[in-house]
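This report covers the fold and packing of one protein. The structure is shown first, and the text follows.

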Amino acid sequence: MSDSNLSDALNQDWGDKVILVVEDVDTNKIFFDAALRRTSAKILWAKDGQQAIDLFKENNVDLVLMDLQLPVMDGYTATREIKKINPDIPVIAQTAHVMSGEREKCMEAGCDDYLAKPIRLQILIETLSRFLNS
Ligand SMILES: [Mg+2]
């Protein structure tokens, strides 16, 4: 990818989009905040699976970025519940686990895609673009 294509890819305007970020670790939240702030998307934050479901019910969410390792209720369970409420909203899993079978487990729970931590800015924006720009 050339430099100009790269900056185009990173210059997304999602001012009309609502992204629900489910993440329990503060340092990861800082990354997502910095990465997504530039897109002007409205960000909702949940720190566990139950809070994610509650926020999903209360808001018109366009996309969910779902950590899988969470307190109270894990991301697999939360994804299943969210997909029962609205199967059309994309759920992108993000996880530090790189065990084999993890991606399959994720897809089986209803996730639409999967990002392995540490997540690179470019990969994050490109992945979200595929769902938000269609
Ligand atoms: Mg976690």
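## Helix α4

Which residues of α4 are buried? In this predicted model they are Gly75, Tyr76, Ala78, Thr79 and Ile82. A residue is buried if 20 or more other C-beta atoms, placed from the backbone, lie within 10 Å of its own. Helices (H or I, at least four residues) and strands (E, at least two) are DSSP runs, numbered from the N terminus.

Viewed down the axis of α4, the buried residues fall within an arc of 160°, so they line one face of the helix; the arc is that of the directions from the helix axis to the C-beta atoms. These residues pack against β1, α3, β3, β4 and α5.

## Nonpolar core

The largest nonpolar core has 29 residues, and Leu20, Val22, Val64, Leu65, Met66 and Ile92 touch the most other members. Elements that each supply at least two residues of this core include β1 (18–22), β3 (63–67) and α4 (75–85). Such a core is a set of buried Ala, Val, Leu, Ile, Met, Phe, Trp, Tyr and Cys residues joined through C-beta atoms within 7 Å.

Not counting residues up to four places away in sequence, Leu65 touches Ile19, Val21, Val22, Phe32, Ile92 and Gln94. Contact requires C-beta atoms, placed from the backbone, within 7 Å.

## Overall fold

The protein has 6 helices and 5 strands, in the order α-β-α-β-α-β-α-β-α-β-α from the N terminus. Of its 134 residues, 29% count as buried.

## Basis

Residues are numbered from 1 along each chain as its sequence is written. Local features need pLDDT of at least 70, side-chain atom pairs count only at pLDDT 80 or more, and totals for chains, interfaces and linings use all residues.

Note on methods. Buried ≥ 20, exposed ≤ 12 C-beta atoms within 10 Å, placed from the backbone. Contact = placed C-beta atoms within 7 Å.
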